[in-house]
Amino acid sequence: MLPASEVIPVCIGFSLLAVVLVSSVTDLTWHRIPNLLLLSALLVATMLRISDEGFAGIISGISGLIVGLAFLMPLYALGSMGAGDVKLLGVVGFFLGPWGAFVAGIATLIAGAVLGLAYIGWRSIEPVLARQSWRLMQLLLAEHPSSPEPNFVVTPVRGSKFAYAPAIAGGAIFAMWQQGLLTSLAMVA
C-alpha cells in the first residue's frame, strides 16, 4: 500500500510522464504539440499542486512555468524552435517547480544537442545507405548491375523539421529522477 504522503508525487510523476510521452509522439508524427494537451496538463498540475502544497504550490508552479518558458524562449525568438516546445517545457516546469524546471531545461538542451547531432548524422548517411541497399538488392536478385540507378535525393538538413519534444521528455525524466519522482513511481509498479 502506498503511503498517503506519496500519493500526490506519484500522481505528478505519472501525469508528467504521460504528457511528455504523448507530446513526443505527436511531435514526431505531426510536428505539433496540441494546445489542448498542454492546457489539460496545466490544469491537472494546478490541481495536484494545490492538493499537495496549497497556495505555495501554485507559486512554485508558476515560478517553474516561468523558468521553463525562459529556457527555450530565445530559441523560439530566433525561429529555430516551435511555440509548442516552449509551452511544453513551461508545463514541465509547472509540474516540477523552479529548480526542477532549471534541471529539466539544462538536461533538455543537452539532450537536444545530442539528438540534433544524431539527426544530422542520419540525414547525411541516409542517401548513402539507400544507394548501397539498392545495389545489394540488385546483386541478391541477380539483376543486371548496369540497370539505371534510382535518383536518391539528398534533402538539406537546414530548414527541415526536427521534433524537439523527445529532448524535452528526456530532460523532464532526468529532472524527475533528480527529484526522486521516479523512485516513487517505481514503488507503485
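Let me begin with E53, which is partly exposed, with a relative accessible area of 39%. Please bear in mind throughout that the model is predicted. E53 forms a salt bridge with R49, and the closest N and O atoms of the pair are 2.8 Å apart. A search of the whole structure finds one salt bridge. Where do E53 and R49 stand relative to each other in helix 2? They are four residues apart, so about one helical turn separates them. As a general point, side chains of opposite charge can pair when their charged atoms come close. The two partners may also be described by their accessibility: R49 is buried, with a relative accessible area of 5%, whereas E53 is partly exposed.

Leaving aside neighbours within four places in sequence, S60 is in contact with R49, G97 and P98. S60 itself lies in helix 3, which covers residues 55-77. S60 and G97 are 37 residues apart in sequence, yet their C-alpha atoms are 5.1 Å apart in space.

The chain has 189 residues, of which 37% are buried. If we take contacts between residues at least 6 apart in sequence, 74% of them join residues at least 24 apart.

What lies inside? The largest nonpolar core has 36 residues, and those with the most contacts inside it are L72, V92, F95 and L96. At least two residues of this core come from each of helix 1 (4-30), helix 2 (35-53), helix 3, helix 4 (83-140), helix 5 (165-179) and helix 6. Which helix gives the most to this core? Helix 4 does, with ten residues. In soluble globular proteins, nonpolar side chains tend to be buried together.

Not counting residues up to four places away in sequence, V92 touches L16, V20, A104, I168 and A172.

I turn next to the surface. The accessible surface of the chain comes to about 10,700 Å², and carbon and sulfur atoms account for 73% of it. A nonpolar surface patch of about 510 Å² is made by W99, F102, I106, I110 and V114. Is I106, one of these residues, buried or partly exposed? I106 is partly exposed, with a relative accessible area of 37%, and this residue lies in helix 4.

My last item concerns the backbone. Most residues other than glycine have a negative phi, and most peptide bonds are trans. H31 has a positive phi of about 55° although it is not a glycine. Where is H31 found? H31 lies in the loop between helix 1 and helix 2. H31 is partly exposed, with a relative accessible area of 34%.

Methods
Residues numbered from 1 in each chain as written. Predicted model: local features only at pLDDT ≥ 70, side-chain atom pairs only at ≥ 80, totals over all residues. Heavy atoms only, no water. Contact = heavy atoms within 4.5 Å. Core = buried A, V, L, I, M, F, W, Y, C linked by side-chain atoms within 4.5 Å. Buried < 20%, exposed > 50% of the residue type's maximum accessible area, 1.4 Å probe, protein only. Patch = residues over 30% accessible without salt bridge, like charges linked within 9 Å, V, L, I, M, F, W, Y side chains within 5 Å. Areas by Shrake-Rupley, 256 points an atom, 1.4 Å probe, with all protein chains shown as cover. Salt bridge = Lys/Arg side-chain N within 4 Å of Asp/Glu carboxyl O.
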